[in-house]
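Please keep the sequence and the 3D view open while reading.

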Amino acid sequence: MRTRPLAEVSSRELRPLLQEEAEHWKRELLWDFGEVSAAVAGGLDRRSLGGLVLQDAWRSIAYCYSMHEGGRTIVGSLFAAAGYRGRGLEGDLLGAVLTQALGQPDNERVECQTLFSTADEAQAHFARTGFESRGRHYLLRSLEEPIPEPRAWCKLRPLRRDEIPGVAQLIFESHVGSLDAALNMTYATPDQCRHFVDTVVLRSGCGRFDPAASFAIDGRGGPEGVIIVSRLSRANGHICQVSVRPQAQGQGLGEALLLASLQALRRQGFSVASLSVTVGNQRAYRIYEQLGFRLRKAFAAHAWVRPPARIELPA
């Protein structure tokens with residue numbers, strides 16, 4: 001076996017592995033991974049991806065990619081073909097990719113969420129290299145089960161694409177001082193939140209935006225709560241983000257938004273809804289469990305910053 005930089009590999013060489021990966025995540029997560037695979041293939045052909053691929057003779061059997069921009073590296077999929085899992089190959093590959101990322105002198109931060117990982121031993125590699133890590137859960141909820149009525153009455157309206165700046169500000173405010181903001185730069189600044197919302201709504205960064213299941217609740221000064229939903233597959237509607245402005249929390253707005261989206265997804269013919277949540281976000285987790293969401297896959301969020309800087313996690 002040999003390890004090669006992804007910068008030296010064409011999409012043609014990785015295509016069979018990418019196809020197997022797409023089929024794997026469709027079965028495990030009910031997630032149509034085709035658009036992500038196409039984006040990875042495009043990055044390979046542009047030579048814009050970091051990371052490594054492990055090959056057995058000329059067959060690509062495992063890979064881990066990364067993206068570097070503005071002093072920050074995001075580590076993406078860590079995937080091994082069937083028959084090569086459970087042998088420590090993915091862990092070795094991840095360790096090498098992390099070593100590369102931390103060794104880049106202009107790299108001040110590295111992040112990874114291991115939802116798309118087939119490696120059980122990933123956590124140990126992050127711990128050894130000084131990452132802060134917290135558990136996250138990917139949850140599913142059958143839409144064939146009854147959907148309760150919200151306990152609080154709220155006037156909901158469809159979320160409009162032209163509201164992105166205001167929605168981004170609301171999402172930022174709802175995450176100030178949170179565990180998610182400490183581990184994920186997506187929520188660290190209003191500009192980062194704007195980029196996140198742009199990616200989800202305009203660029204299909206997490207499935208295709210579903211305007212029929214995305215809503216806002218207005219207050220006196222604008223939206224008090226929002227929910228952004230996408231289509232991960234024909235069966236699976238995904239709740240990308242639900243946020244309520246801090247001063248409006250505790251009034252049932254989040255639950256009302258969730259229930260409205262579940263009803264809208266059911267009307268469109270989806271059979272399940274999904275979302276991801278940080279395990280330490282106990283208030284949100286309780287709401288999701290009460291609404292019928294159940295664990296599908298446990299994973300983790302990992303973040304590292306170059307010393308002497310530190311990631312300050314809330315108590």
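## The enclosed space

By the rule used here, the count comes to 1 cavity of 30 Å³ or more, a cavity being a set of points on a 1 Å grid over the protein atoms alone where a 1.4 Å probe fits but cannot get out. Grid points are joined across faces, edges and corners, and a volume is the space filled by probe spheres set on the points. About 50 Å³ of space lies in the largest cavity. The model is a predicted one, in which local features need pLDDT of at least 70 and side-chain atom pairs count only at pLDDT 80 or more, while totals for chains, interfaces and linings use all residues. Residues are numbered from 1 along each chain as its sequence is written, and side-chain values use heavy atoms, with hydrogens and water left out.

The lining of the largest cavity, meaning residues with an atom within 4 Å of a point, consists of Leu 159, Arg 160, Arg 161, Glu 163, Ile 164, Val 167, Val 197, Val 201, Phe 209 and Ile 228. By class this lining has 7 nonpolar, no polar and 3 charged residues, where Ala, Val, Leu, Ile, Met, Phe, Trp, Tyr, Cys and Pro count as nonpolar, Asp, Glu, Lys and Arg as charged, and the others, Gly among them, as polar. Helix H5 (164–175) and helix H7 (190–202) each supply at least two of the lining residues; helices (H or I, at least four residues) and strands (E, at least two) are DSSP runs, numbered from the N terminus.

## Nonpolar cores

The largest nonpolar core has 68 residues, and those with the most contacts inside it are Trp 31, Tyr 63, Ile 171, Val 197 and Ile 228. Such a core is a set of buried Ala, Val, Leu, Ile, Met, Phe, Trp, Tyr and Cys residues joined through side-chain atoms within 4.5 Å, and buried means under 20% relative accessible area, exposed over 50%, and partly exposed in between (1.4 Å probe, protein chains only). Helix H3 (residues 89–103) gives the largest share of this core, 7 residues. Apart from it lies another core, of 31 residues, among them Leu 139, Leu 143, Ile 239 and Ala 248.

## Salt bridges

The count comes to 16 salt bridges, each a side-chain nitrogen of Lys or Arg within 4 Å of a carboxyl oxygen of Asp or Glu. In one of them, the side chains of Arg 136 and Asp 180 meet at 3.7 Å, N to O. Arg 136 lies in strand E6 (residues 132–142) and Asp 180 in helix H6 (residues 179–183), so the pair ties together parts that are 44 residues apart in sequence. Arg 136 counts as buried at 12% relative accessibility, and Asp 180 counts as buried at 17%.

Another salt bridge joins Arg 231 and Asp 210 (3.2 Å, N to O). Arg 231 is partly exposed, with a relative accessible area of 36%, whereas Asp 210 is buried at 0%.

## Backbone details

The peptide bond from Pro 307 to Pro 308 is cis, with omega near 10 degrees, and Pro 308 is found in the segment after strand E13 (294–305). Leu 30, although not a glycine, has a positive phi of about 55 degrees, and this residue sits in the loop between helix H1 (11–29) and helix H2 (34–46).

Notes. On a 1 Å grid over the protein atoms alone, a cavity is a set of points where a 1.4 Å probe fits but cannot get out, and a pocket is an open set with protein on both sides within 12 Å along at least five of seven lines; lining residues have an atom within 4 Å of a point.
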